[in-house]
Amino acid sequence: MTFTPTKPNRIVEKISKNLWKNQYPKKHDHYTIEDFFHFDTINGDITDWNESRNVLVTEDFIVGLIEGLEEEVGPASSVVMYNIGKAWGVRDADFFCNWFQKEYEYPKDVHEMNLLYVLEAWWWPFTTQGWGNWDVDLSEQKNGFMFVNIFDSAVARTLGDVGKPVCHIYAGLLAGFFSRFINKQLNCIEIQCYSMGETYCKFLLGKQDRIDAATFWHNEGAGAKDIQKRLVNGEYLK
């Protein structure tokens, strides 16, 4: 779990002097734990390559968070987690766009570059932090929706097979980030989850009418493949 400060504080500025980034400012292949994280054992802080503070949590923390929310607000816990993820995604989009330009120093604006390349630069720190690998399908982008696969979701892996989608914070994160990044209101729904006995989690991201149609079909028992087929065939327009 990562916390992105809006302004570097004195502690972060002090820690940054010890980062590999200070020694290798042009290094971009910082994919290992040893490269990406700096563990300050004296102050008890974990700071990543981007000088954001991180917190390591156990699976018990995730279970406790989900169960605690369910006890407090019941079925609305999924909405709470979604909104948390969405607020996180909006803030992270702002952080990422600024970081990307500073990190790579490309003359082009981040929005003018190859989208898949940019998205990989956005997600790989999440993989390093333990949120799982991903795959993005942009083939239907022109039709107002896209699919994102998450492999080894931290939430679904922890909760196990409970027979329902549980990765609401991921759905919110994707909705918030992409809405902010392209400056259009998008929503997201998980249509396949590891916690439903599947091998990976699948999310539909798109305009509200696509999400509404997918939600209806999903509640009627349709699987991810059927939902994807219907959307590709344009059934949401009927």
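Student: Is Cys201 buried or exposed?
Tutor: This is a predicted model, where local features need pLDDT of at least 70, side-chain atom pairs count only at pLDDT 80 or more, and totals for chains, interfaces and linings use all residues. Residues are numbered from 1 along each chain as its sequence is written, and side-chain values use heavy atoms, with hydrogens and water left out. Buried means under 20% relative accessible area, exposed over 50%, partly exposed in between (1.4 Å probe, protein chains only). Cys201 has 0% relative accessibility, so Cys201 counts as buried.

Student: How many disulfides does the whole structure hold?
Tutor: A disulfide is a pair of cysteine sulfur atoms within 2.5 Å. A search of the whole structure gives the count: zero.

Student: Which cysteine has the nearest sulfur to Cys201, which is in no disulfide?
Tutor: The sulfur in question is 3.8 Å away. A disulfide would need the pair within 2.5 Å. The nearest cysteine sulfur belongs to Cys167.

Student: What share of the protein chain counts as buried?
Tutor: The protein chain has 238 residues. The under 20% cut-off applies here too. The buried share is 47%.
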